[in-house]
Amino acid sequence: MAARYGRPPSVLRMRTVAGQVFLLQVVIVLLLVAAGIVALVLQSHADSEREAVNRSVSVAATFASAPGVAAALRAPDPTAVLQPSAEEARRRSHVDFVVVMNTDGIRYTHPRPDRIGKRFVGEYAPALHGEVVTERLTGTIGPLVQAVVPVYGADREVVGLVSAGVTLNKVSGVVENQFPLLFGVGAAVLLLTTGGTALVTRRLRRQTHGLGPEEMTRMYEHHDAVLHTVREGVLIVGGGRVLLANDEARRLLGLPAAVEGRHVTDLGLDPPTERLLMSGRVVTDEVHQVGERLLAVNQRPTPTGRDGGPPGSVATIRDTTELRALTGRADVARARLKLLYDAGAEVGTTLDVVRTCDELAVFAVGRFADFATVDLSEAVLRGEEPRSTGAGEDMRRISIGGVGDETAHFALGTTIRYLTTTRMGSGLGKGEGILERDLPAYDGWEQQSPERAVRLVEAGFHSMIAVPLRARGAILGVAMFWRSRTPEPFEEEDRSLAEELVARAAVSVDNARRYSREHTMAVTLQRSLLPRVLPEQSAIDIAYRYRPAQAGLGGLGGVGGDWFDIIPLPGARVALVVGDVVGHGVHAAATMGRLRTAVHNFSTLDLPPDELLWHLDELVNRLDQDESGFGSESQITGATCLYAIYDPVTGRCTMARAGHLQPLVLRPDGSASLAEVPGGPPLGLGGMPFETLELDLPEGSSLLLYTDGLVEDRDRDMDEGLTLLRRTVEDHPERTPDEICEAVLAALLPERPRDDIALLVGRTRRLEPGRVAEWEVPSDPSAVADVRAAVTRRLADWGMGEEAFTTELILSELVTNAIRYATGPIRVRLVRDRTLICEVSDHSSTSPHLRQAASTDEGGRGLFLVAQFADRWGTRYTPDGKVIWTEQSLPGM
């Protein structure tokens, strides 16, 4: 039973009466055995000493009076005569020594021969006077008793002494032999006690069901608590009679005080309860109406088989009258909490204003209302900040959902202005919800539109709740919930639920509005920073597409930092640029604009692609340092760029990239492959050079530049995207750049792009050989006249004789400067494109400097004149020198 109450059974902690009696008996037996042992030990010590004295005296006296001892003492050698006799006497008498000595105490005999002739150790003086001396001492052989007796001669004169001694160990064995008997008796008594205790314990267990005193006390306390304290009725019925009923059962069933022993049929219970108690069947929370109370009854049979108790049943009774009402209210509250929880998961899933309102209308229908409409302020739909109050403001119906006559309501897209004189208009101005329980009563709500109010009532709509969508103190719109097929009208609790539901939806609508405004601003900014029209150039046919990321896709949605550009360069060349700034939003768009402007500025220096990217990388580093110095968190991180220059005269394309994807080349034979442009680090990392790739592109080749948003998506990795891009464009060289763009977007554009997409497709052209003229010029001033004459003839062939004078003047100055200051061969190239391009190249890296010559200077006016007559001029460096170029406008171009 100790284990039943959580305690390990212990002999030392017995709680039963039998156990306690058994422990008492064990203690008494142990005390008796211990006392017997002590008495035997004390008696053993006393008897041993007495036995030792008697034996030593007897042996000594016997040996002293033996015949021949006195005569041997007078012999010349007493030891030879007495030693054998003394040892024989010692062995037969079981003493430890027999010593014969003279009157001076000198030994004649001893068990150890080396002690013969030495003085006796002990008291012997009284023996010289005829007394017997005994003493107890501890010798080398242990505790012992020795006796000394005199040896008399013929005249009764003491002629010697005899001493016999025995150790106490030799005489104590007799008493010790009684210990087994003592222990056997004690064990028998304990065994008898244990058996008797076991019999008594068994009988007590049957009578107390295994309970000890403490358990019996506790059981009584529990019994008393069940009878008088527990607030749940307990009724034990056996043989149709009440065996036990506690106070709560008497109160709930209206039983009399003396109910034990009475038959159940005599208690005056209602028939169903009476039948249940008489049947003894098992029930769980079966509800019975007893008077005005609802009682939940649980009934189980008593455990008769296990402990042999009487058969019967135990019924517990609980009053659930108030609990039923509370449970009903709790169920309603739980249902409403679940409704609001589901609304949080289903309303506002995207950052889209209209879709959020649609989700609100769809969610309310079926769960809360039969029909729902949502109207939003025009300012909200434009992404503007709404007014603090929505009264008197135009609103547009943007969502309708539910069952019923939809035509009775304002149609989608209808602009509505709620009258401030109506309850709904007044509540809208205050931000309060309005409940119209009985629409057919026409108690003022119909003033907004009397004709439509009649149609609504005729369509079966009988109850309505209107709740303003309010966020940050401003009214965004109004949501209205209607009931037609549900017969119960809306109640005040329904209005509270609707207000909570609409409040949560209003936060999502406001977030979507603010996000849409930011998205619109970012799109507007980015589109303003991207090329609006294609520049005029003859080198390449261009088509491009730009798609901003879909708004409302979490951290990845919204406008990013993708950009592209087409920049005409001197010499009829053109630069194609594609870049990407990691991130989304206004900052990414602004950063993109800064980088695009920087590329334009660097391109005016006519730098090769690798040098331009190096300068751009330095710029990004500097911008990051400047912004980090002011504690800004909007540094440019993760910008990439691809820069390509195409020359239509030579058909050569030079490219370099900074962390960007490789371009795709579609050749006239239909084959498509990625251009193996050496990879460089993204912009802003610094420390690593950029390398270039030069390709000779046949006329009609297409060059595709793009950003990673085109080929990479959450459902498709980059390698799959690149493979799909190549398969989409190959084998179709006849497509125009616009057709290529459409085909690529149709194949690769995700349904809801999570990143910006920039695509630039250029088909190469080649200038006809007849539109280009070149001459080698020797380093001789006299060769200038020959160049001028050749240029004049070529201009005449092109029908441009009017430009001959200006062109001759420009070339004269440029060639003369090259002959005077440059080294190596000099070449002159004339290109007829949209402008007339004159180029003079040499092997010097020194750039000419335009300066204002004084009136007394003899030189210094050459470049000044060139700048005056040419529309543009400049210098670009080549691997083996430089090129000075000019451009002149052509009539009609």
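Strand 11 and strand 12 (residues 415-417) pair in the antiparallel sense, over three bridges. This is a predicted model. It holds 39 salt bridges. Its largest nonpolar core has 51 residues, and a second, separate core has 34.

**Strand pairing**

- Strand 11 spans residues 394-402 and also pairs with strand 10 (residues 371-377). That pairing is antiparallel too and runs over seven bridges.
- On the strand 12 side, the bridge partner of Arg396 is Thr415.
- In a regular strand, side chains alternate between the two faces of the sheet.

**Nonpolar cores**

- Within the largest core, the residues with the most contacts are Trp563, Leu616, Tyr643 and Met655.
- Strand 19 (residues 639-647) gives the most to this core, supplying seven residues.
- The second core is separate and includes Ala343, Val374, Leu497 and Val502.

**A nonpolar surface patch**

- Three residues, Leu24, Ile28 and Leu32, form a nonpolar patch on the surface. Together they have about 310 Å² of accessible area.
- Leu24 belongs to helix 1, which covers residues 17-64.
- Leu24 has a relative accessible area of 54%, so it counts as exposed; the cut-off is over 50%.

**Helix 23**

- Helix 23 covers residues 804-821, which makes 18 residues.
- At 1.5 Å a residue, the helix should span 26 Å. The C-alpha atoms at its ends are 25 Å apart, which agrees.

- Asp247 forms a salt bridge with Arg250, and the closest N and O atoms are 3.4 Å apart.
- Both residues lie in helix 8 (residues 247-253). They are three residues apart, about one turn of the helix.
- Asp247 is partly exposed, at 34% relative accessibility.
- Arg250 has a relative accessible area of 16%, so it counts as buried; the cut-off is under 20%.

- Arg423 and Glu436 meet through their side chains in a salt bridge, at 3.1 Å from N to O.
- Arg423 sits in helix 14 (residues 423-430) and Glu436 in strand 13 (residues 434-436), so the pair ties together parts that are 13 residues apart in sequence.
- Arg423 is partly exposed at 40% relative accessibility.
- Glu436 is buried, with a relative accessible area of 2%.

- Arg827 is partly exposed, with a relative accessible area of 31%. Glu774 is partly exposed as well, at 46%.
- Salt bridges that share partners join Arg573, Asp606, Arg829, Glu839 and Arg876 into one network.

- Thr134 is found in strand 2 (residues 133-139). Its relative accessibility is 38%, so it counts as partly exposed.
- Thr134 and Gly165 are 31 residues apart along the chain. Their C-alpha atoms are separated by 9.4 Å.
- Thr421 lies in the loop between strand 12 and helix 14. At 63% relative accessibility, Thr421 counts as exposed.
- Thr421 and Gln447 are 26 residues apart in sequence. In space, they are 8.5 Å apart, C-alpha to C-alpha.

Conventions
Residues numbered from 1 in each chain as written. Predicted model: local features only at pLDDT ≥ 70, side-chain atom pairs only at ≥ 80, totals over all residues. Heavy atoms only, no water. Core = buried A, V, L, I, M, F, W, Y, C linked by side-chain atoms within 4.5 Å. Buried < 20%, exposed > 50% of the residue type's maximum accessible area, 1.4 Å probe, protein only. Helix = DSSP H or I, 4+ residues; strand = E, 2+ residues; numbered from the N terminus. Patch = residues over 30% accessible without salt bridge, like charges linked within 9 Å, V, L, I, M, F, W, Y side chains within 5 Å. Areas by Shrake-Rupley, 256 points an atom, 1.4 Å probe, with all protein chains shown as cover. Salt bridge = Lys/Arg side-chain N within 4 Å of Asp/Glu carboxyl O. Expected span 1.5 Å × (residues − 1). Pairing = 2+ DSSP bridges.
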